[in-house]
Amino acid sequence: MRPILLAVAAVLAIILYRMLSKGGKTYSYNRTQYISFLSDGSEHVIHETETGSIIITGKTVLIDGLEYIYKPSDNEPVQATLDYDENGLRSVRVLLVDGEKQYFINREAAPKAA
């Protein structure tokens, strides 16, 4: 049992190290919106109040530990898009099979430029 626990701890340490070593810019989100596309062509929108963290790296975005590609290589699909406005990053959209989920950046928690 002890070797199994040590192996699990080692794997988790490696995953944490990889997440932290990628660097990038960290944001927090405070609400989400899920849009599903119905068979008749209409959209169904669900708004939720959720919180979590988003880390933007060179090619990927990590949302609560899940990695999505926003700058794909040749044969990789786009999994997320970054939405900017005049104040910076506004939201991150994750493209799903049956719709999309949008994470809105918490601007009150973001550092202000002087």
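## A buried tyrosine pair

A residue is called buried when its relative accessible area is under 20%. Tyrosine 29 has a relative accessibility of 3%, so tyrosine 29 counts as buried. Tyrosine 103 is buried too, because its relative accessible area is 9%. These values come from a predicted model.

How many aromatic pairs are there? The count comes to one aromatic pair. It is made by the rings of tyrosine 29 and tyrosine 103, whose centres lie 4.9 Å apart. Their planes meet at 70°, so the pair is edge-to-face. The two partners sit in distant parts of the chain. Tyrosine 29 belongs to strand S1 (residues 25-37) and tyrosine 103 to strand S8, 74 residues apart.

The charged end of arginine 31 sits over the ring of phenylalanine 104. The distance to the ring centre is 3.9 Å.

Strand S6 covers residues 80-85, and strand S7 covers residues 88-96. They pair in the antiparallel sense over six bridges. S6 and S7 form a hairpin, with two residues between them. Across this pairing, threonine 81 stands opposite arginine 93.

The next step brings in strand S8, residues 99-105. S7 and S8 pair in the antiparallel sense, over six bridges. Two residues form the link in the hairpin that joins S7 to S8. Here leucine 95 in this pairing stands opposite glutamate 100 of S8. In a regular strand, side chains alternate between the two faces of the sheet.

The structure holds five salt bridges. One of them joins arginine 93 to aspartate 83, with the closest N and O atoms 3.0 Å apart. Arginine 93 is in strand S7 and aspartate 83 is in strand S6, so the pair ties together parts ten residues apart in sequence. Are these two residues buried or partly exposed? Arginine 93 counts as partly exposed, because its relative accessibility is 22%. Aspartate 83 counts as buried, at 17% relative accessibility. A network of salt bridges links Asp83, Arg93 and Glu100.

Aspartate 85 and arginine 107 also meet through their side chains, in a salt bridge of 2.9 Å from N to O. Aspartate 85 lies in strand S6, while arginine 107 lies in the segment after S8, 22 residues apart. Aspartate 85 is partly exposed at 26% relative accessibility. Arginine 107 is partly exposed as well, with a relative accessible area of 25%.

Which residue does glutamate 76 meet in a salt bridge? The partner is lysine 59, at 3.4 Å from N to O. Both residues sit in loops. Glutamate 76 is in the loop between strand S5 (66-69) and S6. Lysine 59 is in the loop between strand S3 (52-56) and strand S4 (60-63). The two are 17 residues apart, and the pair links distant parts of the chain. Glutamate 76 counts as partly exposed at 30% relative accessibility. Lysine 59 counts as partly exposed at 36%.

Now turn to the start of the numbering. Ile4, Val8, Val11, Leu12 and Ile15 make a nonpolar surface patch of about 460 Å². Valine 8 has its place in helix H1 (residues 2-21). Its relative accessibility is 44%, so valine 8 counts as partly exposed.

Key
Residues are numbered from 1 along each chain as its sequence is written. This is a predicted model: local features need pLDDT of at least 70, side-chain atom pairs count only at pLDDT 80 or more; totals for chains, interfaces and linings use all residues. Side-chain values use heavy atoms; hydrogens and water are left out. Two strands pair if DSSP finds at least two bridges between them. Helices (H or I, at least four residues) and strands (E, at least two) are DSSP runs, numbered from the N terminus. Rings of Phe, Tyr and Trp (its six-membered ring) pair if their centres lie within 6.5 Å; planes under 30 degrees apart count as stacked, over 60 as edge-to-face and the rest as tilted. Buried means under 20% relative accessible area, exposed over 50%, partly exposed in between (1.4 Å probe, protein chains only). A charge sits over a ring if NZ of Lys or CZ of Arg is within 6 Å of the ring centre and within 35 degrees of the ring normal. Patches are made of residues with over 30% relative accessible area and no salt bridge: like charges are joined within 9 Å, nonpolar side chains (Val, Leu, Ile, Met, Phe, Trp, Tyr) within 5 Å. Accessible areas come from the Shrake-Rupley method with a 1.4 Å probe; for residues, only the protein chains shown count as cover. A salt bridge is a side-chain nitrogen of Lys or Arg within 4 Å of a carboxyl oxygen of Asp or Glu.
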